[in-house]
Amino acid sequence: MPTSRRRSPGTPLVAACGALALGASLTACGGASTADPHAKVITVYSADGLKSEKGDGFYDKVFKDFEKKTGIKVDYVESGSGAAVQRLARERSNTKADVLVTLPPFIQQADGKGLLDTYRPHGADRVAAADKDPAGRWTSIVNNYFCFIYNKKQLTQPPATWQDLLDAKFRGRLQYSTPGVAGDGTAVLIKALHDFGGQGPAMKFLGRLQANNVGPSSSTGQLAPKTDKGELLVANGDVQMNYANLTSMPDQGIFFPAAKPGARPATFALPYAAGLVKHAPHAANARKFLDYLLTPEVQRQVSAVGGGFPSRKDIKPTDPHATALAALMKGVDIFHPDWQDIDKNLHTYVDAWKTATSS
């Protein structure tokens, strides 16, 4: 049964090339690692959401089984989606990580900064073209969707549209994680850009919504327990994380706000994507790990253990969680963001959001 997982920012590592501003260009200042290339270990830098605090989450099982099968130990470093990329960039003169797992548009950002190497894991041919890099520098390992959550005890039904979130009852009891820092926070921005038809109207609305917003949060996972307890009535999240939380946080419900009254609820895919880090100190081990993540065995565990959706199209799980997740997504329209545009213009969109919300 998927168990509670709570996203928390990781501890920053020592900067090697200086601090990196989001979206800024960077020139290489090295790349060689001082780590022992023959060590039976890999280091994974990952966005949060797949590991359980109780030790029984998707990553917990995958890491344990991988070590048992190969003798290779996984050292895990967790952070927000954007922070993981920034950390890689800071360390590029002495690369420490072997594998990066993060959400769009940050996986594209890592590729654009030259932080990923080319590797197509075994099984990547069974992943949809939209969920992998055509050049082979990253591949989705767990599919997922953006969502909002609400407190089911205090609200008889979730807000149907974005406009409903402007109600005064949400003042000081609504919060979303920070765009440009958290992957799910950036997803709020992406959905607003889509639903409102562009930057101008999206920022106008988010500026109005700021009257109800508690304020910034670098961690989306911190918002789930607050919503479950009723401190917040509404927060952002993603289906995998929040579905997995339901056993320990039963008072949170998942919903997808529509663009306007009468419209169907909509969301977009927000997969966990993995890539081989350029100059990885344990590249051979990392390739084995990436192969393992796409094995049928692991892909069937994505729903049963992780509360997510397999990235391989040929894996059709029938476990109770897979059935419940399919029911949750029924009737929800899926749109496809222009990730190239978002990667190119993310800094502009984040700056516009900061101006609109005075953040």
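Is F196 buried or exposed, and what is its relative accessible area? F196 is buried, with a relative accessible area of 18%, where buried means under 20%, exposed over 50% and partly exposed in between, with a 1.4 Å probe and protein chains only. The structure is a predicted model, in which local features need pLDDT of at least 70 and side-chain atom pairs count only at pLDDT 80 or more, while totals for chains, interfaces and linings use all residues. Residues are numbered from 1 along each chain as its sequence is written, and side-chain values use heavy atoms, with hydrogens and water left out.

**Aromatic pairs**

- Across the whole structure, 19 aromatic pairs are found, a pair being rings of Phe, Tyr or Trp (its six-membered ring) with centres within 6.5 Å, called stacked when the planes are under 30 degrees apart, edge-to-face when over 60 and tilted for the rest.
- The ring centres of F66 and F289 are 5.1 Å apart and the planes stand at 75°, so this pair is edge-to-face.
- F66 in helix 1 (residues 58-70) and F289 in helix 8 (residues 283-293) are 223 residues apart, and their pair links distant parts of the chain; helices here are DSSP runs of H or I with at least four residues, strands are runs of E with at least two, and both are numbered from the N terminus.
- Both F66 and F289 are buried.
- F196 and F205 have ring centres 4.7 Å apart and planes at 25°, so they are stacked, and F205 counts as buried at 4% relative accessibility.
- F196 and F205 also belong to a cluster linked by ring pairs, whose members include F146, Y150, W162 and F255.

**Charges over rings**

- R87 lies over the face of Y45, at 5.8 Å from the ring centre, the criterion being NZ of Lys or CZ of Arg within 6 Å of the ring centre and within 35 degrees of the ring normal.
- R287 lies over the face of Y119, at 5.9 Å from the ring centre.

- Four strands form an open sheet in the order 7-8-6-9 with mixed pairing, where two strands pair if DSSP finds at least two bridges between them.
- Strand 7 (174-175) and strand 9 (252-255) are the edge strands, each pairing on one side only.
- Strand 6 (residues 146-151) and strand 9 run antiparallel and are joined by four bridges, and Y150 stands opposite G253 in strand 9.
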